[in-house]
Amino acid sequence: MAYLFEMQSLSASYDAATVLQNVNFKVSESDFIGVIGPNGGGKTTLLKIILGLLKPASGKLTFNNELLTEKSIGYLPQMSTGDINYPVTVRDIILSGLMIRKSIISGMSVNDKKKADMVIDELGLTGMANFTLNELSGGQMQRVFLGRAIIGDPKLLLLDEPGNFVDTTFENDFYEKLRDLNKRMAILMVSHDVGTISSHIKSFACVNRSLHYHPSNEITNEDLLAYGCPIQLVTHGEVPHTVLKYHQ
Amino acid sequence: MGANIFQYDFIIKGLLGAVFASITAGLAGTYVVSKRMVFLSGGITHASFGGIGIGYFIGINPVIGAAVFGIMSALGVEYLSVKQKIREDSAIGILWAFGMAIGIIFIYLTPGYTPNLMSYLFGSILTVTNADIIALGIMSVVLILYFGIFYRTILYISFDEVFARTYSSYVDIFKYITTSLIALTIVLNIRMAGVVLVISLLTIPPNIAMLFTKVYFRIVVWSVIAGFIGTATGYTISYFAGIPVGATIIFTLVIIWVLVKGVVYLVKKISKQKN
């Protein structure tokens, strides 16, 4: 299976502090990988490296040529980045996902706008194209930002703590949607909320300065469900710690 | 009473001034209000007064001094808060008062004729020169081209800078250019509206527009229209009543805001009753 990108003995640091060390990691076309680990362990840094926002301190990051030339990465950041009171409509926010392939002077074509309306329908936001974010619920906002991430039909979708959007009623729909999307694109999801997401995740990467990759057979959904009560996962690293399964 | 040449010239100047002021303030103001930069813009305005004082002291056009000070203080706030880790609002507060202090000191040190402070603080149409009007006209064209050509890029950087950085390496350049253009817009509007009142010329029109539309582009258009009605009306009242023009413009704009707010409220109430 064709890989999308590969990290070879990659390290990353901010000023003097090393955040990631000697990471070897490979993501392939139909992967759905959950990236878990403690706060400050380097999960978001891993995404920043992939997005090109941070240069590796050492080591190598190689992208599949196709991924690179088509600029085919979708990104759903943590909730806090956009101003929800900004006067910009749902359709315009979703369209901004196309800017990655456009020049700084481009406008949006009729086809781009049609594409945005298709995404709006696909994500169950029909009739809200001209709404602003402050008129939407948390779950609806999350879908808008997901729309921005997928409008360009990326080969790789990066999600940073999508569980932070709250709205438990929509949570199931959201993960169902991700499973659908996983048929067309690889997904790399940073989350501390392992319990809820685990049924769709195919494999895990534990990140705490170093990265340990667990193929699907190691932590399966069946393993988690077998207990029928809150369970704990232990992650690796210099500071061993536990991850709690979602519970009421 | 027939209009003499003086009055004719005065009316043309006022009309053009109102058109260009509302275009520049509408474009810059929508950006400032949307991005919550009102306090920063207030700081830029007052800091530029230092440039006016130095301009008088060394005998150059005070507007040039103000422009240099305005842009430097806009970039200075960014530098102090990002590089020197001073809280942004404190940095603005410091530059705000420091600029005013420099302005006052140099105006008092200027030998001979001292300019009328009131006209700079509260605006005066009598001191607006043809060169000022031409400069505002050029600024209108520059802003229309800038926001027109880079509309999506500017909108998306301003809405979500973090996300914009994932696809563009031009984020900082655009931020600096836009902030500098806003500083220039403010400085060029100081002659008419005055240091103390010019910020309202930028902030009230977009807030009038936001009462009935939420689309960025429409806010710009309605801001320009509301700004023109406000400046032209204020200008006329100022002329006949002999009150400083800046004050009458701001007063008129606030009245428009209240009226539009009332109309929007009534329309909503009536449409609710119909349902």
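**Entry 1, conventions.** I am working with a predicted model, in which local features need pLDDT of at least 70, side-chain atom pairs count only at pLDDT 80 or more, and totals for chains, interfaces and linings use all residues. Residues are numbered from 1 along each chain as its sequence is written, and chains are lettered from A and ligands numbered from 1 in the order in which they are written.

Helices here are DSSP runs of H or I with at least four residues, strands are runs of E with at least two, and both are numbered from the N terminus. After α9(B) I found G194(B), with a positive phi near 90°.

I looked up the axes, which are lines fitted to C-alpha atoms over the stretch in contact, with angles from 0 to 180 degrees between N-to-C directions. Helix α3 (residues 62-82) of chain B and α9(B) have axes that come within 9 Å and cross at roughly 145°. On the α3(B) side the contact includes G70(B) and A74(B), and on the α9(B) side it includes A183(B) and V187(B). I count two residues as in contact if their C-beta atoms, placed from the backbone, lie within 7 Å. By class, this contact has 12 nonpolar, 3 polar and no charged residues. Ala, Val, Leu, Ile, Met, Phe, Trp, Tyr, Cys and Pro count as nonpolar, Asp, Glu, Lys and Arg as charged, and the others, Gly among them, as polar.

The axes of α11(B) and helix α12 (residues 245-274) of chain B come within 8 Å and cross at roughly 130°. The two helices are therefore oblique to each other (angles under 35 degrees count as roughly parallel, over 145 as roughly antiparallel, 65 to 115 as roughly perpendicular and the rest as oblique). Among the residues that meet are G230(B) and Y235(B) from α11(B), and F251(B) and L253(B) from α12(B).

I found 22 residues of chain B in contact with 20 residues of chain A. On the chain B side, α7 (151-159), α8 (161-167) and α11 (216-241) each give two or more residues. The largest share, 6 residues, comes from α7(B). By class, this side has 14 nonpolar, 4 polar and 4 charged residues.

Chain A has 8 helices and 11 strands.
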